[in-house]
Amino acid sequence: VTFGFIPELRELRFGIDRGLLKEMLKYTWPLLLLGLIGILNQVADKICYKFIVPGQEGEVQLGIYGACVKIAMIIAIFTQAFRYAYEPFVFGGQRDKNNREMQADVMKYYVMFTLLAFLIVVLYLDIFKFIIQRNYWEGLRTVPIVMMAEIFMGVYFNLSFWYKLNKQTWWGAIFSFIGCAVMLAINFIFVPRYGYMACAWGGFAGYGTCMVLSYIVGQVKSPIPYNLGAILGYFALALLLYYFSILFRPHKLGWVFVVNTLLLLVYVAVIIYNERALVKRTLSGLQQKMLHR
């Protein structure tokens, strides 16, 4: 197969297209900075913790927080898989006039399904907690906060296409820098008093800031018709169901699973009712595939 490219390889000429290089660097250096700041957002709280709370106490608290964050990474894994599948699709269809409507729909579906994953984890945390050692269970209260922060990061990723498609990637670097500054400020101010809980809220506030700024500026520069009513409605419903699971938690573990399963079914029922057109298309597609087999 390689030998089949010989005619094309003969036409190659070595050299630098300065105009293309300048355009590439203008587009990509902010993305590089954005990526570095993004990595800093994920690890800075853990790096700074040892300086804010020095000694054995800081190491113990950091160990508890780091262990509990592993449970919350379920959302991060989902987002990363979504990113690899979705990003090439958006760039491939950027000239499609329906691309903006598609981005709006995908945003709603992303929020809808990540909140479903959020509820599965927090409602069955009595099962998921066995992922980590029993000594770390006291930090499980950080899991819902960190998971919501990861959802904010995923929403921010969805919102990032307006400046990528319009070749204004420096906006992403600005948003990420501001979000990182918010996260670090919360850590340095509140960690000495509240410990690793401040780390969780710092990530929540940092990613939330990036998300809000990207949405506000994006709707001015390149508006996309997001269904805010549905998106905010799913957020409100998920948080309300989680609150009910805490407020009406039975004493017996078996009844906890019964109540939480009912709450999860309420969320699924709302999805099926609100997205019945999508469900109908999905079932119709599956039926056609079965018939073709």
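**Figure 1. Confidence along the predicted model, by element.** In this predicted model, mean pLDDT among the elements of the protein chain is lowest for helix H12 (residues 276–292), at 66, and highest for helix H10 (residues 228–247), at 95. The protein chain as a whole averages a pLDDT of 84. A score of at least 70 is reached by 84% of the residues.

**Figure 2. The pairing of helices H8 and H9.** The view shows helix H8 (residues 170–194) and helix H9 (residues 196–221), whose axes come within 8 Å and cross at roughly 155 degrees. Because angles over 145 degrees count as roughly antiparallel, H8 is roughly antiparallel to H9. The crossing of the two helices, H8 and H9, is right-handed. Sorted by class, the residues in the contact of H8 with H9 are 18 nonpolar, eight polar and one charged.

**Figure 3. The salt bridge between Glu 275 and Lys 108.** The structure holds three salt bridges. In one of them, the side chains of Glu 275 and Lys 108 meet with an N to O distance of 3.1 Å. Glu 275 sits in the loop between helix H11 (253–274) and H12, whereas Lys 108 belongs to helix H4 (residues 99–123). The pair therefore links distant parts of the chain, 167 residues apart. Glu 275 has a relative accessible area of 7% and is buried. Lys 108, with a relative accessible area of 11%, is also buried.

**Figure 4. The salt bridge between Asp 126 and Lys 129.** Asp 126 forms a salt bridge with Lys 129, and their closest N and O atoms are 3.7 Å apart. Buried means under 20% relative accessible area. Asp 126 has a relative accessible area of 14%, so this residue is buried. Lys 129 is at 16% relative accessibility and so counts as buried.

Figure 5. Arg 249 forms a salt bridge with Asp 126, in which the closest N and O atoms are 3.2 Å apart. Through salt bridges that share partners, Asp 126, Lys 129 and Arg 249 are joined into one network.

How values were computed. Residues numbered from 1 in each chain as written. Predicted model: local features only at pLDDT ≥ 70, side-chain atom pairs only at ≥ 80, totals over all residues. Heavy atoms only, no water. pLDDT = per-residue confidence, 0-100. Helix = DSSP H or I, 4+ residues; strand = E, 2+ residues; numbered from the N terminus. Axes fitted to C-alpha atoms, helices over the stretch in contact; angles between N-to-C directions. Parallel < 35°, antiparallel > 145°, perpendicular 65-115°, else oblique. Left-handed = near helix turned anticlockwise from the far one by under 90°. Nonpolar A, V, L, I, M, F, W, Y, C, P; charged D, E, K, R; others polar. Salt bridge = Lys/Arg side-chain N within 4 Å of Asp/Glu carboxyl O. Buried < 20%, exposed > 50% of the residue type's maximum accessible area, 1.4 Å probe, protein only.
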